[in-house]
Every structure is written in C-alpha cells, then in structure tokens.
Amino acid sequence: MILIMIFPLFFLSLTSCQTQKVAEDNEQLSREERIVIRFSHIVGEKTPKGMAARKFASLVKEKSNGFVEVQVFPNGYLYKDGEEIDALLRGDIQMIAPATAKISSYVPEWQAIDLPFAFQDTDEVHEYLEGNVGNKLLNELERKGFYPLGMWENGFKQMTNTSKPLVKPEDFRGLRFRIMPSEIIRQQFLELKAELQTNSFNEVYQLLEKNKIDGQENTYSNIVSKGIHSQQKYMTVSNHGYLGYVVLLKKEFWDKLPEDIQQILQESIEEVTAWEKTMARKLNDESLQELKNCGCVEIHYLSEEEKQLWEEALKPIYQRFTNRFGAEYIKQLPRNKEAEH
Ligand code: SIN
C-alpha cells in the first residue's frame with residue numbers, strides 16, 4: 001500500500017544545524033509518517049539494475065534525511081516479469097525498472113530499441129534516446145499513465161544454447177528459445193526459423209535444466225548472475241540487441257509527491273544513472289571473463305561476414321516495423337543518420 005503522508009517538509013530547507021536535529025527525529029518516524037516507495041525488480045542484486053536500485057535507495061534516504069524510504073525487492077520476490085507493470089499501475093508498488101522490450105505491450109513503438117543490430121554500441125543508444133525519437137517514446141509512456149524517471153542500461157545480448165555453435169542463420173532452425181515478451185523479438189526468432197516461448201526471466205534456468213528450451217538470449221551479466229551458462233554449451237557473441245531499462249513510477253503517484261521530494265528523486269536518479277552506466281560495463285566485462293574462465297561454454301565471436309548474413313536474414317523486420325510505426329524510428333538510428341551526411 002502507498003504510505004504517503006503529506007508530512008510538513010519544512011525540514012528540508014532548515015539550516016544545517018536544524019537539519020541535523022530533524023534527521024535524528026526522522027529516524028524516529030513511524031512507517032505511516034514516511035514516504036515509502038516499494039521498488040520491485042526481477043533480476044539478482046549483483047546485476048547493473050540490482051546494484052543501481054540499492055544505490056538509489058540509499059541516496060534517497062540520505063538526501064531526504066530518512067523521510068523517504070525506498071524498499072527494494074529483487075529477483076521477482078514480489079512480482080514476476082509479467083506482473084510488475086500491472087502491480088505498478090494498481091498502486092501495489094511504486095517503482096519498477098522493466099526492460100524496454102517489456103513496456104512495448106503498453107507503448108509498442110518502444111520495440112524500436114529491440115530492432116536487430118540497430119545499435120553498434122551504448123553511445124549510439126544514448127544518442128537515439130536523447131533525440132526526437134527518445135522524447136516521443138517517453139511522452140507516450142506519460143500518456144499511458146507512467147512517469148519515466150530515468151533510463152538504466154545493462155548492455156548487449158548474446159545467444160546461448162545447448163545444441164550447437166550458432167554461426168549462420170540456418171543454425172537456429174528448430175531450436176527452442178526463451179524470449180522476452182516482445183513482438184519484435186518474436187519476429188526475429190521466427191525469421192531464423194527457431195521455436196520460441198515467452199517466459200519470465202526467473203524461469204529460464206529451470207527451463208534449461210529440465211530441457212524445456214535449448215537456448216536464450218541475454219547479456220553476460222544476466223547469464224552469469226542466474227547461472228544460465230552452467231546449463232548451456234555454446235555462446236555466440238553477437239551483440240545483436242540492446243538490453244536497457246526504463247525506471248518507472250505511476251504518473252498519478254509522482255504527481256502527488258511534494259515538489260521537494262520529486263527533486264530529491266530526480267537528483268538521485270541522475271547521480272545513480274551516471275554511475276550505473278560505468279558499473280554495467282564493468283559487471284558485463286567481469287561476467288564475460290567468468291564465462292571465458294569457466295570452461296563450460298564454447299564461445300564463438302561472430303565475424304563481420306557472419307554478422308552480415310544474420311542482418312540480411314533479419315532485414316524483413318525493418319520493413320514491417322516501418323509499415324506499422326513509420327520510417328522515422330529507423331531513419332533516426334545513428335548509423336542511418338551518419339549515412340545521410
Ligand atoms: C532484465 O534484465 O530485467 C531481465 C531480462 C530478461 O527478461 O531476459
């Protein structure tokens with residue numbers, strides 16, 4: 001339940017001596033008197049999102065002198081993948097950070113982020129999201145009742161499976177993959193003639209263990225944090241898709257927050273986001289190292305020629321996307337903008 005009391009916030013503008021005193025007093029506040037923000041997410045704590053969520057909670061606590069308490073629930077303990085967005089809109093939780101693919105059922109244009117090989121690196125993703133297209137995508141979320149507080153990232157996805165090295169597009173034929181719930185991701189695997197099923201992230205390990213699926217796509221840090229590699233024989237470093245997150249609150253909840261609290265949340269997210277980008281890169285580098293060292297997966301690095309074959313096989317998706325959402329989302333991709341000049 002949302003526990004907000006519009007408690008007088010005069011302490012936030014007190015002199016430092018007074019602030020010190022109030023800070024002590026705030027520690028004595030009952031749960032009913034504080035603002036409690038329940039932040040539910042589905043990944044482990046030692047992941048970019050997991051670590052960013054904890055840092056955000058501690059920054060908010062510090063900046064509000066304990067008046068705002070962000071309670072973080074990782075690993076889908078409170079709500080699973082398919083449940084957390086509805087729980088946010090119902091007001092059962094106040095904050096989530098789903099993968100962009102997962103909000104595409106509310107704003108389908110977000111599928112642009114999952115277009116195959118759309119971005120070469122994270123800088124390109126940032127450029128795209130900071131431009132017109134990014135603004136449009138964020139505005140659409142507001143129209144659907146969300147307040148997008150910020151964007152966090154994980155990194156690029158790689159392919160893993162139990163059967164064979166995935167080198168050519170034909171290698172996917174008939175293999176069973178778990179995917180995130182996203183039409184554009186579904187289309188990618190269908191183009192590759194794979195079989196697919198949509199499951200929550202926390203089910204992937206067991207599905208692999210019980211041989212209900214052959215493979216999956218994810219970032220190094222997600223693969224390692226869930227031990228997915230221990231159930232897989234092959235990994236192709238393809239960097240075919242970006243995995244990023246939108247940090248969301250319900251707009252109605254946000255609008256009711258006092259302005260100084262909104263400012264604290266905004267400042268905290270900006271600080272955490274800058275830190276999160278570096279930390280995500282580091283965690284993914286460390287996880288790749290672990291995958292190399294474990295001796296459990298055979299790693300294939302997609303060559304430029306092989307990548308071109310994959311891109312060619314997945315090309316029809318771009319036309320379908322254009323037909324449905326317009327050419328602007330494709331034209332604004334940094335690689336296409338460069339080609340224009
Ligand atoms: C996440 O990073 O939030 C989960 C990604 C997935 O569902 O594969």
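In this predicted model, a polar side-chain atom of Asn222 is placed 2.9 Å from an oxygen atom of the ligand. Asn218 and Lys49 also bring polar side-chain atoms to ligand oxygen, at 2.8 Å for Asn218 and 2.7 Å for Lys49. Each of these pairs is listed below.

| Residue | Ligand atom | Distance |
|---|---|---|
| Lys49 (polar side-chain atom) | oxygen | 2.7 Å |
| Asn218 (polar side-chain atom) | oxygen | 2.8 Å |
| Asn222 (polar side-chain atom) | oxygen | 2.9 Å |

The ligand taken alone exposes 260 Å², of which the protein buries 99%. Its location is the largest cavity.

The surroundings of the ligand consist of Ile42, Val43, Lys49, Lys102, Arg178, Met180, Phe201, Asn218, Asn222, Leu243 and Tyr245. Sorted by class, this shell holds six nonpolar residues, three charged residues and two polar residues.

A separate feature is the disulfide content. The count comes to one disulfide, which joins Cys294 to Cys296 with an S to S distance of 2.1 Å. Such a link is a covalent bond between the sulfur atoms of two cysteines. The angle about the S-S bond is -85°, and the link of Cys294 and Cys296 is left-handed.

Terms used. Residues numbered from 1 in each chain as written. Predicted model: local features only at pLDDT ≥ 70, side-chain atom pairs only at ≥ 80, totals over all residues. Heavy atoms only, no water. Near = heavy atom within 4 Å. Polar contact = N/O pair within 3.5 Å; in protein donor to acceptor, adjacent residues only side chain to side chain. Areas by Shrake-Rupley, 256 points an atom, 1.4 Å probe, with all protein chains shown as cover. 1 Å grid on protein atoms, 1.4 Å probe; cavity = no way out; pocket = protein on both sides within 12 Å on 5 of 7 lines; lining within 4 Å. Sits in = over half its atoms within 2 Å of the grid points. Nonpolar A, V, L, I, M, F, W, Y, C, P; charged D, E, K, R; others polar. Disulfide = S-S within 2.5 Å.
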